Amino acid sequence: MTQDAPPPLLKLRDIRKSFGTLDVLKGIDLEVAPGEVVSIIGASGSGKSTFLRSINAIEPADKGRMDFEGWTFDFDRDSRFFPTDRQLQALRSRIGMVFQSYNLWPHKTVLQNVIHAPMGVLGQSRAEATEVADALLDRIGLYDKRDASPMRLSGGQQQRVAIARALAMKPRLMLFDEVTSALDPELVNEVLQLMASLADEGMTMLLVTHEMSFARDVSSRVLFFDQGEIGEQGPPSKVLRAPESPRLQQFLHSILHDDLRTATAKKGPTL
Amino acid sequence: MSEFTHDVLVYGPGFLSAAWTVLWLTLVTIAVSWIFGLAAALGQRSDMRAVRSVAAFYVWFIRGTPALIQIFIIYFGMPQVGVRLSPYTAGVLALAINSGAYVTEIIRSGLSAIPAGQTESSLALGFSPRETMRTVILPQVFRIILPSITNEALSTLKNTSLLSTITVVELTLYAQTLISATFRPFDFYIAVAVIYLVLTTILTQLAAFFERRYARLY
């Protein structure tokens, strides 16, 4: 109940999740203010993707509370705040999500991909949805591909369409799950630039990423996930430049080492 | 007048009407079998154990017993328990139940070929699981399974000849009637085979047309 700061857009309390006997999330607390860009880094298996997927309940948490835009949910099955299916659908329609593998629908054109949810979920007319979609496609520079199959686009183009598809719902929060990990190196930038421009416009964003320079330059906060917990967090200047815990130091070292190795292999100065 | 011309004029109309019977029996059966197959394929993925069990039993029982016996159970067996159906109704029902089990397996394989990400991206936008299935998954499944579903439709068409055993006057029974009157089994069975061939060719061409149409969308 802070009085000076704006109320958080998203508030998570003690989010827990396990697969069988494996505890993937061990009680995550997080508040995200409107306009904040939060990068989540960590080794694979640290629970960062699972955490992101629990926020829009694509993979619902086993336990924990969530406040978002006036909704209060408790993911404990016995709670009276346990979300109904309809509530989850409404929640998801307000939260955009972009995946590593784009997940565009191959049986629809680029334009149809973008207008499908605004028409089917929000009940917009085709004309209304198309107007919004055309503006978005124009913005991402793919207006001329609107009637093409997404399968004919490059990975970077597909990912930009996937972002446009999410934006067409006018979400209050965007989740990005390693959205550049499947891309060829030369296609990464076009996607990162689009994301950076969204951040500039004040979009609230949570992203799981391996792009350390992007996390450093664009995010307001960096979370280091370590074995299902937030190991360390703070502004990028602190977390990435002056890590405190040995585990984060080790993680950053291995990432940096990877980058150097790649740079050497490509014989190009990338750092 | 040659003998062939004579035969065509005398027996042609009867064959035509029998062929028409085969065609509509097949089309109705296919439509009903898709409903059964879709219901059972979705049933196999149900959250409810009982529903999954019923779907599994259906496929197991039908694939493990001869179609002819299934037809006999429905036409000759059911009256004993008070359900009397016309040969045509019993025939369509039996063939649809039979084909539906194979359609179930075809749809199941199609569903498993769609990456989970297709469902996830639809759910993430706020669609319900039902809407996701209807607008995102099934259209893709249909395209994948079109060749197998065509095969199954051909089987159904040919299986209508089994209905000759329960007095449905389709091609096979009509030919048998003529043969017992004329003692010309070679002529008439060849004629029947040719007509089946024409019907299956039409069906194959129809499927090929749809396949081309769907291929263009990609």
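Among contacts in chain B between residues at least 6 apart in sequence, what percentage join residues at least 24 apart? The figure is 72%, where two residues are in contact if their C-beta atoms, placed from the backbone, lie within 7 Å.

Good morning, colleagues. This is a predicted model, in which local features need pLDDT of at least 70 and side-chain atom pairs count only at pLDDT 80 or more, while totals for chains, interfaces and linings use all residues. Residues are numbered from 1 along each chain as its sequence is written, and chains are lettered from A and ligands numbered from 1 in the order in which they are written.

I begin with confidence. The model has an ipTM of 0.91 and a pTM of 0.87. For chain B the average pLDDT is 94, and 98% of its residues score at least 70; pLDDT is the predictor's confidence in each residue, from 0 to 100.

Let us stay with chain B. Eight helices and zero strands make up its secondary structure; helices (H or I, at least four residues) and strands (E, at least two) are DSSP runs, numbered from the N terminus. Along the principal axes, the C-alpha atoms of chain B fill a box of roughly 75 × 50 × 20 Å. Of its 218 residues, 33% count as buried, that is, with 20 or more other C-beta atoms within 10 Å of their own, C-beta atoms being placed from the backbone.

I turn now to the interface. Here 18 residues of chain B are in contact with 19 residues of chain A. On the chain B side, helix H5 (116-124) and helix H6 (129-159) are the elements that give two or more residues. That side divides into eight nonpolar, seven polar and three charged residues. Ala, Val, Leu, Ile, Met, Phe, Trp, Tyr, Cys and Pro count as nonpolar, Asp, Glu, Lys and Arg as charged, and the others, Gly among them, as polar.

Finally, chain A. It holds an open sheet of six strands in the order E6-E7-E8-E3-E9-E10, with mixed pairing; two strands pair if DSSP finds at least two bridges between them. Strand E6 (95-98) and strand E10 (229-234) of chain A are the edge strands, each pairing on one side only. From one strand to the next, the twist averages 20°.

Within this sheet, strand E3 (residues 37-42) and strand E8 (residues 204-208) of chain A pair in the parallel sense over four bridges. Val37(A) has Met205(A) as its bridge partner in E8(A). Thank you for your attention.

How values were computed. Axes are lines fitted to C-alpha atoms, for helices over the stretch in contact, and angles run from 0 to 180 degrees between N-to-C directions. A residue is buried if 20 or more other C-beta atoms lie within 10 Å of its own, exposed if 12 or fewer, and partly exposed in between; C-beta atoms are placed from the backbone.
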